[in-house]
Amino acid sequence: MSNTTAASAGAGQLPRQIPYIIGNEACERFSFYGMRNILVPFLVSSILLAYLPEADREGAAKDIFHTFVIGVYFFPLLGGWLSDRFFGKYNTVLWLSLVYCAGHACLALFEENRTGFYTGLFLIALGSGGIKPLVSAFVGDQFDQSNKSLAKIVYDAFYWTINFGSFFASLLMPIFLRNYGPSVAFGIPGLLMFIATVIFWAGRRKYVHVPPSPPDPDSFLNVVRSALFGPAPGKGAGTFVAIAGVVLAIASLALIPPMGFVKAVLIGLGLLIALVGTGASMQLGRAADRHPASAIEGVRAVLRILIVFALVTPFWSLFDQKASTWVLQGQTMHIPHELWWWPSWLVVTAGQMQALNPIMVILLIPFNNLVLYPLLRRMGFAPTALRRMGFGIAFSGLAWIVAGLIQLYIDGGDPVSLAWQILPYLLLTFGEVLVSATGLEFAYSQAPRSMKGTIMSFWLLSVSYGNLWVLMTNAAVRNDSVTAQIASTGLSENAFLMFFFAGFAFVAAAAFGLYARRYPMQDHYRSA
């Protein structure tokens, strides 16, 4: 099956090929979260960081973890481009899944070899990141105008399945790491990724295959180029803004020695996207002589979407630290085996608290759809996609306020029960459901057809920038003057950073809410 249509469900029915994609996603998410959620505890205790003083290993493990996450959410740009322009979603997902499997094999084989282990992390970042925007966009391709009302349900089911796999991975992998060692603990996720690839391949004859877009004279980049450099009186202020973005992006490479390759490249890319996009938006009218109005409006839509994505980045800086900062905080807390309701037979390490996140997602998604959202509608409040995302960012800030209060008690020297982490996990997970599950469908519905894979890639790139804020903040607190300023507040470094990130989220939520008020929603599902 190589072209646009395949045997599909009747009008208004669920496409029969969806179970293959959902099954693939469940196994792939088990594999990803299985290795990701044991990465920091493994690194802290492994010989890979034995060259560092013991006091510095936690910080180094956090840096490696967040750099890896940046890579995972940076490579969607490559996967989206390859899919949209050359190979299509199915072929790109299949081949990059094999790269993904090779990465897992490296982790299992090279647990004591830095070069081999870090190569494995790179291959997983490339494979996982490359397929990430395509699988969710591939789900949307299976729907048309006749059954698009089912897409919201399927995207929620898609996200529910992600967390189903994540739950068992978060719960079981720390046990395998502790009892059987890293080779088995990293090998099992590799096996699940291979099964995921086989399931995806098995549905190949049933999928709707939307072919890659042919060269388009009215593409996004061509319209932007015409807006910036097309014939018009004078250069235009937007052209100079865009040129400044290119110059600053190139200049940012000078930051590689002091800041590292990853941070410097992301800073440069961010400047390039922001300033070229701003410059083009200032003078899109100059492209009217070369491109139709629909193409110009498509560029405007993409630029508006990118602003939404940029405002979501602070959420990811809080969310992804549950696998690093919160795990390390939990390791200093008392595991309450004496409580009658505590599952001592199962939860014996702080890292296993991460299993709370997916199980809460599994419960919250149906609760929101069946109880909360209908109740809000009856009260006269429409829970639109943008409203849900804005409130989700704010709830993540509340979660970090609670985590900061827990840290204050820890710093006071009294034993603090690990059970107290349940509350921040609940608040953060509620925020995740509002932001992440909603964002998948929002990104697909708002993207023009020729930009589906690329737009989903930019949605995922926002996660990279969230983790960039974490790396830059962690680097800043290693500065003696910053450390002195934190000490003058009377707070420990950990507590200060938790309250700092909470404030970061509240500011972002306020900015998001202001922008969402004037965002014009689009409908870019394909025709039946």
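**Helix packing and buried contacts in the predicted model**

Ser-128 is placed in helix H5, which spans residues 114-141. In this predicted model, Ser-128 has a relative accessible area of 1% and is therefore classed as buried, the cut-off being under 20%. Beyond the residues up to four places away in sequence, Ser-128 touches Glu-28, Arg-29, Phe-32, Val-72 and Tyr-100. Two of these partners, Phe-32 of H1 and Val-72 of H3, also take part in the contact of H1 with H3.

Two packed helices are described by the angle between their axes and the distance between the axes. For helix H1 (residues 18-36) and helix H3 (residues 54-74), the axes come within 12 Å and cross at roughly 155 degrees. Because angles over 145 degrees count as roughly antiparallel, H1 and H3 are described as roughly antiparallel to each other. On the H1 side the contact is made by Phe-32, Met-35 and Arg-36, and on the H3 side by Phe-65, Phe-68, Val-69 and Val-72. Classified by residue type, the contact of H1 with H3 comprises 6 nonpolar residues, no polar residues and 1 charged residue.

Phe-68 also belongs to the largest nonpolar core, which has 157 residues. Phe-68 is listed among the residues with the most contacts inside this core, together with Leu-43, Phe-117, Val-308, Phe-309, Trp-400 and Trp-459. Helix H12 (residues 293-319) supplies the largest share of the core, 14 residues. Residues up to four places away in sequence being excluded, Phe-68 touches Phe-32, Met-35, Leu-39, Leu-121, Ile-124 and Ala-125.

A further set of contacts involves Thr-325 and Met-498. Thr-325 lies in helix H13 (residues 325-330) and is buried, with a relative accessible area of 12%. The side chain of Thr-325 makes a polar contact with the side chain of Gln-321 at 2.7 Å. Apart from neighbours within four places in sequence, Thr-325 is in contact with Lys-62, Trp-400 and Met-498.

Met-498, located in helix H19 (residues 493-516), counts as buried at 1% relative accessibility. With neighbours within four places in sequence again set aside, Met-498 is in contact with Thr-325, Gln-329, Trp-400, Ala-403, Gly-404 and Gln-407. Trp-400, a partner of Met-498, is likewise a partner of Thr-325 and is one of the residues with the most contacts inside the largest nonpolar core. Met-498 and Val-299, 199 residues apart in sequence, are separated by 38 Å in space, C-alpha to C-alpha.

Notes. Residues numbered from 1 in each chain as written. Predicted model: local features only at pLDDT ≥ 70, side-chain atom pairs only at ≥ 80, totals over all residues. Heavy atoms only, no water. Axes fitted to C-alpha atoms, helices over the stretch in contact; angles between N-to-C directions. Helix = DSSP H or I, 4+ residues; strand = E, 2+ residues; numbered from the N terminus. Parallel < 35°, antiparallel > 145°, perpendicular 65-115°, else oblique. Contact = heavy atoms within 4.5 Å. Nonpolar A, V, L, I, M, F, W, Y, C, P; charged D, E, K, R; others polar. Core = buried A, V, L, I, M, F, W, Y, C linked by side-chain atoms within 4.5 Å. Buried < 20%, exposed > 50% of the residue type's maximum accessible area, 1.4 Å probe, protein only. Polar contact = N/O pair within 3.5 Å; in protein donor to acceptor, adjacent residues only side chain to side chain.
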